[in-house]
Amino acid sequence: MAAKLKIAGAWSGVLEAELEAWTVPLLKEHIANRLNCTKDSINLICAGKVLRDDNGTQKLIELGVKNNSKILVTRVSPDQGKELIAEEEKSTRLQRLKAAATSLAKRHADGSLPVDDYNLELENQSGEKVQLGSENDQRALMMGLMFHGKAKRLVKNRKYEDAVEVLAMGEEAFSLCDSKVVELIDNVPILQIDMVWCYFMLKDISKLSVAGKRLEEARKGIERSHGKESTRLRLLHGNSHPELALHLRLELLEGIVAYHSGDLEKAKKSLNSARGKYLKLQVPDEELSILMGMGYGEKAAKRALRMNNQDVERAVNFLVEEKAKKQQKIEDDIKRRNEIMEQKKFGVTPLRKAVDLQKLKELVSIGFEKELAAESLRRNENETQKALDDLTNPDTNSDIQLFIESRKKKRLRQSGDAAIERLTAMGFPRETVVAAVRDYGTEELALNHLLEQSAPNGNPRLIGSDIGTSSGSVGVGPSESMPIDGDTLGGFEHEIERDVEMEDELTGDLQQEDAFSDYDVELTRESEAIEEYSALVLV
């Protein structure tokens with residue numbers, strides 16, 4: 001039965017439409033015919049939202065259009081229509097980015113069992129794990145850092161308008177953190193500098209002329225976190241001077257803002273100071289060739305020399321230390337991934353927290369069996385004393401053991417069923433697959449047997465042990481890749497809605513950074529700007 005749609009705007013009238021059959025392009029075509037225009041030159045708005053269907057397959061009823069719905073028709077040029085669509089897509093993407101960052105920060109700040117195979121943790125400039133403030137502070141810091149990391153990637157790709165919007169989201173996230181915690185870190189002042197840099201690259205004179213307040217706050221914030229004359233930074237990094245390029249950009253922007261505010265004297269002073277730092281950061285060819293002759297790449301060699309006052313010996317030490325840190329980080333990441341997999345085997349507490357591995361080690365060290373101790377901690381919200389009481393009580397200890405045995409059997413059954421389904425999907429008869437899995441115990445051996453039986457010449461064929469798993473183990477017994485029952489996970493992994501694309505974007509940017517990333521500034525545009533504005537000041 002056709003529904004009646006009340007059309008207003010560029011064309012007014014009542015249009016009959018099959019809501020379960022019509023798509024947005026088809027509706028646009030009918031209205032465009034009445035207007036003697038192309039369907040690309042109109043927009044349809046229903047219930048306050050632009051009707052869009054990217055692939056042209058969704059039916060009107062799926063988009064919320066009902067009988068007697070009011071639809072507003074507006075005329076736009078084809079280019080304007082594309083701009084509106086692009087703007088809406090951009091807005092949607094920013095909303096997704098914010099939602100993904102919120103979800104990631106919540107999961108990784110409150111001790112919940114990670115559903116991913118990585119963990120987000122706060123580190124200081126020495127690469128040490130730190131706990132700053134409350135759980136809410138941790139969450140706000142994580143969100144701010146994720147947004148800042150994404151914005152820096154956008155700046156590198158010269159998408160300055162997008163970067164400004166993401167930086168604003170980062171600024172909002174940091175503002176939710178206790179001010180005493182924020183004063184300990186330099187991420188917020190660096191974000192302010194990045195924001196003003198985007199204004200400059202966009203040639204947004206109106207914002208540049210009032211950006212002095214941001215740069216004032218940035219200078220104060222850097223001095224608080226680095227110490228006067230970077231004394232605190234010297235303690236962390238010895239004789240290295242990684243902050244020099246950051247101060248160059250700050251002073252350059254201070255000069256630019258002063259110029260657009262009419263303070264030519266301040267502009268001249270700031271630009272001269274920025275030029276002095278730029279000259280200090282120029283890498284001599286001789287020193288560069290020495291490091292490259294030792295096998296270091298040009299980019300890494302330049303970075304090391306810039307951060308160590310062009311001193312070759314200190315630059316070499318810096319490169320050696322950085323390599324060692326990267327290797328240690330790789331090992332730490334592997335260790336943490338293994339810990340996450342172990343935590344997933346133990347399940348979550350009633351409040352959906354992961355089992356505390358440090359407390360588990362303490363119980364194991366005094367003689368309790370690991371799986372038994374883990375289950376006791378899980379039941380008792382990681383409270384060591386309560387877990388200890390249950391372990392030393394014969395009745396509760398026996399109950400825990402029975403539960404563990406029951407869980408093992410259930411996991412074996414689940415894993416075996418999964419192996420049967422995978423092998424059956426390959427085309428083998430189900431009865432034969434069930435018998436093979438039962439007789440041979442592992443998916444790999446069962447598959448080899450099935451292939452041997454089905455091969456025309458009866459010759460055995462070995463199948464690689466990486467089938468169906470990332471760890472190389474394909475047994476149907478409990479393993480890191482096995483399914484985990486809902487009794488201990490409580491459906492945790494299935495209830496969380498994840499935007500994997502956005503999460504990967506956010507975490508990917510963070511994983512590419514190190515302690516010196518914020519100070520590793522490419523100086524080509526800075527050099528041009530120093531000369532450009534110095535000439536303007538002298539006019």
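Where is the place of glutamine 310? I looked it up first. Glutamine 310 sits in the loop between helix 13 (298–306) and helix 14 (312–346). The model I am reading is a predicted one.

**Entry: two positive phi values**

I checked the backbone of glutamine 310. Its phi is near 65°, a positive value in a residue other than glycine.

I looked at asparagine 36 next. Its phi is near 55°, also positive in a residue that is not glycine. Asparagine 36 lies in the loop between helix 1 (24–35) and strand 3 (42–46). Asparagine 36 counts as exposed, because its relative accessibility is 74% and exposed means over 50%.

**Entry: helix 10 and what follows**

I turned to helix 10, residues 244–260. It has 17 residues. From its first C-alpha to its last it reaches 25 Å, close to the 24 Å expected. Of the 17 residues, 15 are buried, so helix 10 is largely enclosed by the rest of the structure.

**Entry: helix 11 against helix 24**

How do helix 11 and helix 24 pack, and at what angle? I found an angle of about 150°, with the axes 10 Å apart. That makes helix 11 roughly antiparallel to helix 24, because angles over 145 degrees count that way. The crossing of helix 11 past helix 24 is left-handed.

I then looked for side chains that join the pair. Glutamate 531 forms a salt bridge with arginine 275, and their closest N and O atoms are 3.6 Å apart. This links distant parts of the chain: glutamate 531 is in helix 24 (residues 524–538), arginine 275 is in helix 11 (residues 264–280), and they are 256 residues apart. Glutamate 531 is partly exposed, with a relative accessible area of 45%. Arginine 275 is partly exposed too, at 23%.

Arginine 275 has another partner on my list. Its side chain and that of serine 534 are joined by a polar contact of 3.1 Å. Serine 534 lies in helix 24. Serine 534 is buried, with a relative accessible area of 10%.

How many salt bridges does the count come to? I wrote down 30. I picked out some of them.

Arginine 214 and glutamate 171 meet in a salt bridge of 2.8 Å, N to O. Arginine 214 belongs to helix 8 (residues 212–226) and glutamate 171 to helix 4 (residues 160–175), 43 residues apart. Glutamate 171 counts as partly exposed, at 26% relative accessibility.

Aspartate 439 and arginine 438 also form a salt bridge, with the closest N and O atoms 3.6 Å apart. Both aspartate 439 and arginine 438 are exposed.

Salt bridges link Glu371, Glu375, Arg378, Arg379, Asp399, Arg407 and Lys408.

**Entry: glutamate 443**

Is glutamate 443 buried or exposed? I found that glutamate 443 counts as buried, because its relative accessibility is 4%. Its place is in helix 20 (residues 443–454). Which side chain does the side chain of glutamate 443 contact? I traced a polar contact of 2.7 Å to the side chain of arginine 422.

Methods: Residues are numbered from 1 along each chain as its sequence is written. This is a predicted model: local features need pLDDT of at least 70, side-chain atom pairs count only at pLDDT 80 or more; totals for chains, interfaces and linings use all residues. Side-chain values use heavy atoms; hydrogens and water are left out. Helices (H or I, at least four residues) and strands (E, at least two) are DSSP runs, numbered from the N terminus. Buried means under 20% relative accessible area, exposed over 50%, partly exposed in between (1.4 Å probe, protein chains only). A polar contact is a pair of N or O atoms within 3.5 Å; within protein, one must be able to donate a hydrogen and the other to accept it, and residues adjacent in sequence count only if both atoms are side-chain atoms. A salt bridge is a side-chain nitrogen of Lys or Arg within 4 Å of a carboxyl oxygen of Asp or Glu. The expected span of a helix is 1.5 Å times one less than its number of residues. Axes are lines fitted to C-alpha atoms, for helices over the stretch in contact, and angles run from 0 to 180 degrees between N-to-C directions. Angles under 35 degrees count as roughly parallel, over 145 as roughly antiparallel, 65 to 115 as roughly perpendicular and the rest as oblique. A crossing is left-handed if the near helix is turned anticlockwise from the far one by less than a right angle, and right-handed if clockwise.
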